[in-house]
Amino acid sequence: MPVEVLIPEAALHDRVRELGGEVARDYAGKPLTIVAILTGSLMVLADLVRAVDVPHRIGLLHASSYRGASTTSSTLIINENLAPDVVDRDVLLLDDILDTGQTLAALVDHIAARGAKSVKTAVLLRKVGRQTVPIEPDYCGFTIPDAFVVGYGLDYDDDYRHLPYVGVLQD
Ligand code: XMP
């Protein structure tokens with residue numbers, strides 16, 4: 001399927017570097033662990049951490065939504081094998097996109113319950129008009145229209161993640 005560019009590579013690069021600078025200023029001298037939610041935030045993680053020029057650790061968390069056949073609500077499945085040690089760490093949870101907000105809200109609680117000193121959130125993208133859970137990300141790259149986006153880590157059926165830009169799938 002063709003993809004129409006929504007956020008070009010250079011804009012992603014500039015904005016992610018900007019966010020990295022903000023994170024570095026806010027967390028200087030603190031025991032920061034940036035925890036990225038797999039798989040969609042791989043690219044933003046790699047670019048962001050190189051712009052956060054204060055000492056910090058990187059953790060990965062694999063979470064996926066499972067929607068049962070007979071229900072409209074989804075259950076978040078967290079892979080505990082990958083979960084990083086966050087005890088007494090200031091955690092910045094990083095996700096690719098905030099849609100309804102369910103994933104991020106659940107993972108904030110999860111990380112807090114694992115003994116983190118503090119938990120804040122960063123998202124590359126935030127869709128307008130889709131949120132059902134009242135969570136306000138502490139860092140946000142771009143606000144985007146309500147469209148299905150791919151690229152720069154985001155997928156459709158596991159394809160398109162490698163694209164260096166964020167785009168909208170065309171029918
Ligand atoms: P919630 O609704 O929990 O969803 O905020 C967040 C997760 O849903 C996925 N998601 C998308 N993935 N293009 C994608 O490739 C999209 O437009 C999109 N919208 C939501 C994503 O995994 C995110 O972590």
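**Close-up views of a predicted model**

**View 1. The shell around the ligand draws its largest share, four residues, from β5.** The model is predicted; local features require pLDDT of at least 70 and side-chain atom pairs count only at pLDDT 80 or more, while totals for chains, interfaces and linings use all residues. Residues are numbered from 1 along each chain as its sequence is written. Strands (E, at least two residues) and helices (H or I, at least four) are DSSP runs numbered from the N terminus. The ligand is surrounded by 15 residues, the closest being D99, T100, Q102, T103 and L154; a residue is near the ligand if its C-beta atom, placed from the backbone, lies within 6 Å of it. Two or more shell residues come from each of β5, α3 and β8.

**View 2. Helix α1 comprises residues 9-27.** Its buried residues are L12, V16, L19, G20, V23 and Y27 (buried: 20 or more other C-beta atoms within 10 Å of the residue's own; exposed: 12 or fewer; C-beta atoms placed from the backbone). They cover an arc of only 110 degrees around the axis, which puts them on the same side of α1; the arc is that of the directions from the helix axis to the C-beta atoms. Exposed A10, D14 and R25 lie on the face turned away from the buried side.

**View 3. V44 is among the residues with the most contacts inside the largest nonpolar core, which has 37 residues.** Such a core joins buried Ala, Val, Leu, Ile, Met, Phe, Trp, Tyr and Cys residues through C-beta atoms within 7 Å. Its largest share, six residues, comes from β5.

Technical notes: The expected span of a helix is 1.5 Å times one less than its number of residues.
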